[in-house]
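Biologist: Please show me the model. I would like to go through it with you, one question at a time.

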Amino acid sequence: MRMSVLNDALNSICNAERRGKRQVMIRPASKVIIKFLGVMQKHGYIGEFEIVDDHRAKKIVINLTGRINKCGVISPRFDVAVGDIEKWATNLLPSRQFGFFVLTTSNGIMDHEEARRKHTGGKILGFFY
């Protein structure tokens with residue numbers, strides 16, 4: 001029984017990365033997973049990914065680059081105000097130089113630095129570094 005589709009997806013990415021795999025397949029796919037992967041790809045943590053439509057819940061095939069040390073979901077999805085972004089960053093991420101956590105805001109799904117630039121808060125989805 002699945003609790004969180006995003007959690008399953010990030011776990012399988014993390015496990016495949018630890019095993020040194022070049023590719024990983026994730027099913028089922030969701031809009032949230034696709035946006036989360038887009039943020040990871042923008043920062044160069046994963047390579048290309050393609051969505052395979054199997055007329056069911058879709059699958060995603062992701063090319064891994066070997067840059068992910070850890071990624072995970074924050075559950076429950078806590079509210080994060082703009083002023084609290086720095087506090088969450090120090091709690092979640094290993095250092096100030098690298099790593100991101102992903103927020104879902106009224107302006108879409110984005111990482112914490114972009115949220116700070118756009119001066120918007122939201123709910124926290126997960127992190128990767």
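Here are some questions and answers on helices, a pocket and the backbone.

Modeller: This is a predicted model, where local features need pLDDT of at least 70, side-chain atom pairs count only at pLDDT 80 or more, and totals for chains, interfaces and linings use all residues. Residues are numbered from 1 along each chain as its sequence is written, and side-chain values use heavy atoms, with hydrogens and water left out.

Biologist: How are H1 and H2 placed to each other, roughly parallel or oblique?

Modeller: Helices are DSSP runs of H or I with at least four residues, and strands are runs of E with at least two, numbered from the N terminus. The axes of H1 (residues 5–19) and H2 (residues 31–42) come within 9 Å and cross at roughly 40°. Axes are lines fitted to C-alpha atoms, for helices over the stretch in contact, with angles from 0 to 180 degrees between N-to-C directions. Under 35 degrees counts as roughly parallel, over 145 as roughly antiparallel, 65 to 115 as roughly perpendicular and the rest as oblique, so H1 and H2 are oblique.

Biologist: Which residues of H2 make the contact with H1?

Modeller: Contact means heavy atoms within 4.5 Å. H1 brings Val5, Leu6, Ala9, Leu10 and Ile13. From H2 come Val32, Ile33, Phe36, Leu37 and Met40.

Biologist: Which helices each supply at least two residues of the lining of the largest pocket?

Modeller: A pocket is an open set of points on a 1 Å grid over the protein atoms alone, where a 1.4 Å probe fits, with protein on both sides within 12 Å along at least five of seven lines; lining residues have an atom within 4 Å of a point. The lining includes Glu86, Ala89, His112 and Arg116. The helices are H3 (85–92) and H4 (112–118).

Biologist: Where is Pro28 found?

Modeller: A cis peptide bond joins Arg27 and Pro28, with omega about -5°. Most peptide bonds are trans. Pro28 is in the loop between strand S1 (23–26) and H2.

Biologist: What is the phi of His55?

Modeller: His55 lies in the loop between strand S2 (46–52) and strand S3 (59–64). His55 is not a glycine, yet its phi is positive, about 60°.
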